[in-house]
Amino acid sequence: MMLRPRWVLALLLALAIAAGFALLGQWQLERALASGAVVERQTEHVVPLSTVLAPGNDVHDTAIGQKVTVTGRYVPGDEQLVQGRVNHGDEGFWVVSHLVTDTASIPVARGWAKERADAEAAMATLEADAAASVTVTGRFLPSEAPVVPADGADPHSMSTLSVAALINLWTPTGSPDVYLGYVVADSAPAGLETISSPPPEEPFTLNWLNIFYAAEWAVFAGFAVFLWYRLVKDALEREEEEVALREGQRSPASAPPPGT
């Protein structure tokens, strides 16, 4: 039955339809992969901070994790400790300074120390050298949310680097503008360790709607071949029924009369 010209042509048509559905499925799959492709950002290419973010503006994804340079001077006495910061698997303290540029203020995470005493000793040294103009190179990160200290803890202690919290502790400067983020310095001063700040990992997401459509087209392609098979099987069954019916109609006439 399958080798008859009619059904061979029907098979070719079914395969052509299945091929069309397969191409549509491949197109949907390519769209899913293209929409989820990771866009490589040149975060390790150092650029001036002013080119990626303006003071007071919201921090966009293009600025997060970007290596930047910023020039200014540190404000003496505005160093703060941020506790509970992990560096290479160990928990300790960040020393954060207040850097003032020509247009705005920005926190700079200068370095890390495992012991509070070491961090406080480094802070005392940094206060003495805070007047000179410096150019800082580091990774820009968005401000963290402030956290209220636990009951019984030092009310001035900080466990997150929150720009909103630091503003209330800083010495007033000529410019009220503030960057809504901070810079993790690439090098640490004496007495502190450099803070580990790896490049940000770009998330990879798939468009599951396109993948669902691709699976649908694959099902349609298989159904086209199955429909051909089902039609051939139905035709064969009808033909067999017709043959059986004809043979049943002839059998009484061809049987010998009774008693012979």
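Q: In what order do the elements of the protein chain run from the N terminus on?
A: In this predicted model, the secondary structure of the protein chain comes to four helices and seven strands. Read from the N terminus on, these elements follow the order α-β-β-β-β-β-α-β-α-β-α.

Q: What share of the residues in the protein chain is buried?
A: The protein chain exposes about 15600 Å², and carbon and sulfur atoms supply 60% of that area. A residue counts as buried when its relative accessible area is under 20%. Of the 260 residues in the protein chain, the buried ones make up 32%.

Q: Which strands do the buried residues of α2 pack against?
A: Helix α2 covers residues 116–128, and with 13 residues at 1.5 Å each it should span 18 Å, which agrees with the 19 Å between its end C-alpha atoms. Its buried residues are A119, A122, M123 and L126, and because they cover an arc of only 110° around the axis, they sit on the same side of α2. On the other side of the helix, A117 and A128 are exposed. The strands that the buried residues of α2 pack against are β3 (80–87), β4 (90–100) and β5 (105–113).

Q: Which residues is Q28 in contact with, leaving aside its neighbours within four places in sequence?
A: Q28 lies in helix α1 and is buried, with a relative accessible area of 9%. G25 also has its place in helix α1, and, leaving aside its neighbours within four places in sequence, G25 is in contact with A214 and W217. With neighbours within four places left aside in the case of Q28 too, its contacts are N210, Y213, A214 and W217.

Q: What distance separates the C-alpha atoms of G25 and F220?
A: G25 counts as buried because its relative accessibility is 9%. Along the chain, G25 and F220 are 195 residues apart, yet in the model their C-alpha atoms are separated by 9.6 Å.

Q: Which residue meets R4 in a salt bridge?
A: The structure holds seven salt bridges, and the one made by R4 has an N to O distance of 2.8 Å. This pair links distant parts of the chain, since R4 is in the segment before α1 and its partner is in helix α4 (residues 208–254), 235 residues away. R4 is partly exposed, with a relative accessible area of 37%, and the residue that meets it is E239.

Q: Is R85 buried or exposed?
A: The side chain of R85 meets that of E144 in a salt bridge of 2.8 Å, N to O. The two residues are 59 residues apart, with R85 in strand β3 and E144 in the loop between β6 (133–142) and α3 (163–167). The relative accessible area of R85 is 11%, so R85 is buried.

Q: About how many helical turns separate D234 and R230?
A: The side chains of D234 and R230 meet in a salt bridge of 3.0 Å, N to O. Because the two residues are four residues apart in helix α4, the separation between them is about one helical turn.

Q: How much accessible area do M2, F223, F226, L227, Y229 and L231 have together?
A: M2 has its place in the segment before α1 (5–35), and at 40% relative accessibility it counts as partly exposed. Together with F223, F226, L227, Y229 and L231, M2 forms a nonpolar patch on the surface, whose accessible area is about 570 Å².

Notes. Residues are numbered from 1 along each chain as its sequence is written. This is a predicted model: local features need pLDDT of at least 70, side-chain atom pairs count only at pLDDT 80 or more; totals for chains, interfaces and linings use all residues. Side-chain values use heavy atoms; hydrogens and water are left out. Patches are made of residues with over 30% relative accessible area and no salt bridge: like charges are joined within 9 Å, nonpolar side chains (Val, Leu, Ile, Met, Phe, Trp, Tyr) within 5 Å. Accessible areas come from the Shrake-Rupley method with a 1.4 Å probe; for residues, only the protein chains shown count as cover. A salt bridge is a side-chain nitrogen of Lys or Arg within 4 Å of a carboxyl oxygen of Asp or Glu. Buried means under 20% relative accessible area, exposed over 50%, partly exposed in between (1.4 Å probe, protein chains only). The expected span of a helix is 1.5 Å times one less than its number of residues. The arc is that of the directions from the helix axis to the C-beta atoms. Contact means heavy atoms within 4.5 Å.
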